[in-house]
Amino acid sequence: MKNIKIFDTTLRDGEQSPGVSLTPEEKLIIARHLADLQVNVIEAGFPIASPGDFKSVKKIAENIKGVEIAALARTRKGDIDRAWDAICEAEDPRLHIFIATSPIHMKYKLKMTEDEVLKQAVEAVKYGSQYTSNIEFSAEDASRSQPEFLYRLFTEVIKAGARVINIPDTVGYSQPSEFGRLIKDIKENVSNIEKAEISVHCHNDLGLAVANSLAAIENGAIQIEVAVNGIGERAGNTALEELIMNLYTRRDYYNCDLTQKTDEIYRLSKLVSNLTGMLIQPNKAIVGANAFAHEAGIHQDGVIKERTTYEIMNAETIGLKENRLVLGKHSGRHALRDFMEKAGYSLDEEGFEDVFKRFKNLADKKKNLSVVEIESLIDNQLHKPQDIFELEYLSVTTGNQILPTATISLRKDEVVNKKAACSGDGPIDAIYQAINDITDVHDIKLISYHIEAVTEGKDAMGKVIVKVKIGGKTYIGHSARTDITHASALAYLETINKYYIYNNKDENGLEDK
Ligand code: KIV
Ligand code: ZN
C-alpha cells in the first residue's frame with residue numbers, strides 16, 4: 001500500500017487567489033482545522049512577502065502541533081533566513097525553496113542560464129541545510145522545462161540535501177498522461193532519486209489539476225500539494241477534498257493508505273469559503289450544495305431503495321450530517337452545550353453565552369432549529385474578530401415610493417458612540433453610508449456583496465458575505481441573521497473592525513500586509 005502525503009498550501013498559494021485576504025487569526029483557525037484533518041504538511045505562507053505573512057507563519061509554527069509546517073522561500077539567502085526565522089519554533093519545520101526552470105521563465109523572468117539556475121538552486125539548498133535537513137525544492141514551471149535539465153538539477157539538489165523534490169505544473173498546461181510520463185521519467189533518470197520523495201503541485205487552468213495529481217501518483221509521486229476548495233492563483237490548485245475523496249473512494253484502484261480524517265472535509269471547506277469569501281459553486285464535486293442531492297425522480301427512487309444505486313460516496317464520510325431539527329425554544333444551555341460537544345465545537349464562556357443568547361432569540365421566532373442553523377450561529381461566533389465598533393441600534397425604512405434611509409448607532413469602548421442617519425440608493429447602501437460616517441472610514445469601496453439563505457423556507461437565516469477595499473487592502477466580513485439588513489450591517493461592520501485592528505502596527509512595530 002502506498003502512503004500518500006497531503007501537503008496543504010491553502011494558506012500560501014490559496015491565499016494568493018485574487019481578492020483573498022486572511023488575517024493572522026483566521027489563518028491560525030484554518031491551520032487548526034487542517035491539523036484536525038491530519039494533513040501531513042501545512043504550508044503556512046511566504047514570510048519574506050510581507051511582515052503580515054511572516055507574523056502569520058510564525059504564529060502557526062508556534063501553535064500548531066503534530067504536523068509539519070512549511071514556509072516558502074526563493075533561492076535568496078534573505079528569503080531563506082526569513083522563512084527559517086518564521087518556522088524555527090515549529091515541532092517539525094520544513095523549508096520550501098523554489099526557482100523557475102523553464103526556458104521561458106529563465107530567459108524572461110530570471111534572465112539566467114540553466115547553469116546559473118542550477119548553481120543558485122544548489123547553493124540555496126546547501127544554505128538552507130544549515131538550519132534543517134527537512135528541505136523541499138521546487139522547480140517552478142517544471143512541466144514546461146527541458147526534462148534533461150530537470151534530471152541534472154534534481155540530481156544536484158538532492159546531493160545538496162533536498163529531501164523532497166516538487167514538480168509543479170505552474171501554469172496548468174500539462175495533460176494527465178503527459179504529466180504522469182514526466183514523473184516516471186524523472187524517477188527513472190535522476191540517479192539518486194531514492195534519497196528524495198517526489199511531490200507534485202498542479203494548477204487548474206485547464207481544469208486538470210486533480211487528474212494530473214492522480215496521474216502523478218500512479219507514476220511514483222508520494223506527496224501531493226493541494227488547497228481547500230481548490231483555491232489558489234488564477235484557476236486555483238488541486239482541490240484537497242477532491243484529491244482525498246478520489247483516493248478514498250477508489251482505494252481499490254490507487255491502493256493507498258490514507259491517514260486523513262475525511263469527516264473533517266465539509267467543515268473545513270465551509271470555513272475556508274466563509275473566511276476567504278470564495279463561494280463554492282453548487283455543482284462543485286464533493287463539497288458543492290448539490291454534490292449529494294438527487295433531483296430526478298428516477299434517481300431519488302433508486303437512492304431510497306438502495307443508496308449505492310446513484311451514490312458512490314456516503315455524505316457522512318465528508319462530515320455532512322443530515323440537516324435535522326435538533327434544538328427548540330425549550331432547549332437550555334445544557335442541550336446547546338451537548339450539541340456543541342458532539343459536533344466538536346468549543347467556545348470560551350463569553351462566546352458560548354453570546355451564541356446561547358442568539359440561539360434563544362432565533363428559537364423564539366422559529367420554534368425549532370436545524371443543525372445547519374445552529375452551526376451557522378456558532379461559526380459566526382468562532383470566527384468573529386474582536387469588536388472595535390459594535391452595532392447598538394439599526395432602523396431602516398425603505399420602499400418603492402420613499403428614499404431608503406438607515407439610522408444607526410454604534411458602541412465603541414462600551415459606550416454608545418454616535419448615531420448617523422443616511423439615505424442611499426437602497427437600504428443596504430443607506431446602512432453602509434451611515435456606518436462609514438460613524439466609523440470615519442471614507443476611502444472604502446464595496447468589491448462584492450453576496451447573500452444566500454442558510455436553509456430552505458421563508459423564515460430561513462440570510463448569510464451575507466461582504467468584501468471591501470480600504471486604502472488598497474481587502475477586508476472580508478460575514479454574518480448570518482434572520483433579518484438580512486441586520487446581517488448586512490454586521491458583515492460590513494466586521495470589515496471595518498478588521499481594518500482598525502489590522503491596519504495598525506503590530507506589537508513588533510511591523511506594518512501588516
Ligand atoms: O505554482 C508553483 O509553481 C508554485 C511553486 C512556488 C511551488 O506555487
Ligand atoms: Zn502554485
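**Burial, contacts and backbone in a predicted model**

User: Which residues does H203 touch, leaving aside those up to four places away in sequence?

Analyst: H203 touches D13, D169, T170, G172, A209, E233, R234, G236 and N237. The model is predicted, and a touch here requires heavy atoms within 4.5 Å.

User: Why does H203 count as buried?

Analyst: The relative accessibility of H203 is 5%, and buried means under 20%. H203 therefore counts as buried. Its place is in the loop between β7 (197-202) and α8. Ten residues along the chain separate H203 from S213, and their C-alpha atoms are 9.6 Å apart.

User: Why is D141 called buried?

Analyst: D141 has 0% relative accessibility, so it counts as buried by the under 20% criterion.

User: What is phi of N229 near?

Analyst: Phi of N229 is near 60°, a positive value in a residue other than glycine. N229 belongs to the loop between β8 and α9. At 12% relative accessibility, against a limit of under 20%, N229 counts as buried.

User: Where is I231, and what does it touch beyond four places in sequence?

Analyst: I231 is placed in the loop between β8 and α9. Outside its sequence neighbours up to four places away, I231 touches T10, G14, S17, G236, N237, V272, T276 and M278. I231 has 6% relative accessibility and therefore counts as buried.

User: What makes helix α9 (residues 240-249) largely enclosed by the rest of the structure?

Analyst: Seven of the ten residues of α9 are buried, so the helix is largely enclosed by the rest of the structure. Those buried residues are L240, E241, E242, L243, I244, M245 and L247. They pack against β1 (5-8), α1 (24-37), α8 (209-218), β8 (223-226), α10 (251-254) and α11 (265-276).

User: How do you know that I60 is buried?

Analyst: The relative accessible area of I60 is 0%, and the criterion is under 20%; I60 is therefore buried. I60 is part of helix α2 (residues 51-63). Not counting residues up to four places away in sequence, I60 touches L11, K27, L28, A31, A44 and I69. I60 and E392 are 332 residues apart in sequence and 35 Å apart in space, C-alpha to C-alpha.

User: Why does T474 count as buried?

Analyst: T474 has 16% relative accessibility, and the limit is under 20%, so T474 counts as buried. T474 is in strand β16 (residues 473-481). Beyond four places in sequence, T474 touches G19, S21, K467, V468 and K469. T474 and I444 are 30 residues apart in sequence, and their C-alpha atoms are 9.8 Å apart.

User: How do you know that the radius of gyration of the protein chain agrees with that of a compact globule?

Analyst: A compact globule of 513 residues would have a radius of gyration near 24 Å, and the protein chain has 25 Å, so the two agree. The C-alpha trace spans about 75 × 60 × 45 Å along its principal axes. Buried residues make up 54% of the 513 residues. Among contacts with a separation of 6 or more, 67% join residues 24 or more positions apart.

User: How many helices and strands does the protein chain have, and into which domains is it divided?

Analyst: The secondary structure comes to 17 helices and 16 strands. The domains are domain 1 (2-276), domain 2 (321-383) and domain 3 (389-502). The C-alpha centres of domain 1 and domain 3 are 38 Å apart. Nine residues of domain 1 are in contact with eight residues of domain 3.

User: How far apart are the mean positions of the positive and negative charges?

Analyst: The mean positions of the 63 positive and 77 negative charges are 1 Å apart. The accessible surface of the protein chain is about 22,900 Å², and carbon and sulfur atoms account for 48% of that surface.

Key:
Residues numbered from 1 in each chain as written. Chains lettered and ligands numbered in written order. Predicted model: local features only at pLDDT ≥ 70, side-chain atom pairs only at ≥ 80, totals over all residues. Heavy atoms only, no water. Helix = DSSP H or I, 4+ residues; strand = E, 2+ residues; numbered from the N terminus. Rg over C-alpha atoms; globule rule 2.2 N^0.38 Å. Buried < 20%, exposed > 50% of the residue type's maximum accessible area, 1.4 Å probe, protein only. Areas by Shrake-Rupley, 256 points an atom, 1.4 Å probe, with all protein chains shown as cover. Lys, Arg positive; Asp, Glu negative; His and termini not counted. Charge placed at Lys NZ, Arg CZ, Asp CG, Glu CD. Domains from an automatic or database assignment.
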